[in-house]
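Subject: Structure handover

Hi there,

Here is the structure I promised to send over. Please have a look at it first, and then read on for my notes.

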Amino acid sequence: IILNLKNLILLDSSGIGVFIDIVKKAEQKNVKFVFCSLQNQVIQILKLSKLIDVFSIYNDEEEALNSVL
């Protein structure tokens, strides 16, 4: 599953919690869940919260698609 977040400009703790929950549920079902096209602001939030490595993040949809095939 690829989630394109190009239009997401703000991510708070609630949103991070939802994303963590989604990724964990996907992993339990052996489904790869990846994100792509994150805005710099969102990347900085994930870096500051030390959660950047929890998610599979790709620059664009093509890169993300190649990672799940």
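Helices (H or I, at least four residues) and strands (E, at least two) in these notes are DSSP runs, numbered from the N terminus. The model is a predicted one, in which local features need pLDDT of at least 70 and side-chain atom pairs count only at pLDDT 80 or more, while totals for chains, interfaces and linings use all residues. Residues are numbered from 1 along each chain as its sequence is written, and side-chain values use heavy atoms, with hydrogens and water left out.

Let me start with the loop between helix 1 and strand 2. Asn 30 has its place there. Although Asn 30 is not a glycine, its phi is positive, at about 55 degrees. Asn 30 is exposed at 74% relative accessibility, where exposed means over 50% relative accessible area, buried means under 20%, and partly exposed is in between (1.4 Å probe, protein chains only). Lys 29 is found in this loop between helix 1 and strand 2 too, and Lys 29 is also exposed, with a relative accessible area of 66%. Between the C-alpha atoms of Lys 29 and Phe 55 there are 16 Å, with the two residues 26 apart along the chain.

Ser 37 is another residue other than glycine with a positive phi, near 60 degrees. Ser 37 sits in the loop between strand 2 and helix 2 (40-48). Is Ser 37 buried or exposed? With a relative accessible area of 17%, Ser 37 is buried.

Next, the aromatic residues. Rings of Phe, Tyr and Trp (its six-membered ring) count as a pair if their centres lie within 6.5 Å; planes under 30 degrees apart are stacked, over 60 edge-to-face, and the rest tilted. Searching the whole structure gives four aromatic pairs. In one of them, Phe 19 and Phe 35 have ring centres 4.9 Å apart and planes at 55 degrees, so this pair is tilted. Phe 19 belongs to helix 1 (residues 13-28) and Phe 35 to strand 2 (residues 34-36), so the pair links distant parts of the chain, 16 residues apart. Both Phe 19 and Phe 35 are buried. Phe 33 and Phe 35 have ring centres 5.4 Å apart with planes at 70 degrees, so that pair is edge-to-face. Phe 33 is buried, as is Phe 35. One aromatic cluster is formed by Phe 19, Phe 33, Phe 35 and Phe 55.

On a 1 Å grid over the protein atoms alone, a cavity is a set of points where a 1.4 Å probe fits but cannot get out, and its lining residues have an atom within 4 Å of a point. Grid points are joined across faces, edges and corners, and the volume is the space filled by probe spheres set on the points. How many cavities of 30 Å³ or more does this rule give? The count is one, and the largest cavity has a volume of about 30 Å³. Its lining includes Phe 19, Phe 35 and Phe 55, along with Leu 5, Leu 11 and Val 42, among others.

On charges, the structure holds one salt bridge, meaning a side-chain nitrogen of Lys or Arg within 4 Å of a carboxyl oxygen of Asp or Glu. The partners are Lys 25 and Asp 21, at 3.2 Å from N to O. Lys 25 and Asp 21 are about one helical turn apart because they are four residues from each other in helix 1. Lys 25 is partly exposed, with a relative accessible area of 46%, and Asp 21 is partly exposed too, at 38%.

Last, the surface. Ile 2, Leu 65 and Leu 69 make up a nonpolar patch with about 300 Å² of accessible area together. Patches are made of residues with over 30% relative accessible area and no salt bridge, joining like charges within 9 Å and nonpolar side chains (Val, Leu, Ile, Met, Phe, Trp, Tyr) within 5 Å. The areas come from the Shrake-Rupley method with a 1.4 Å probe, and for residues only the protein chains shown count as cover.

Best wishes

Note on methods
1 Å grid on protein atoms, 1.4 Å probe; cavity = no way out; pocket = protein on both sides within 12 Å on 5 of 7 lines; lining within 4 Å.
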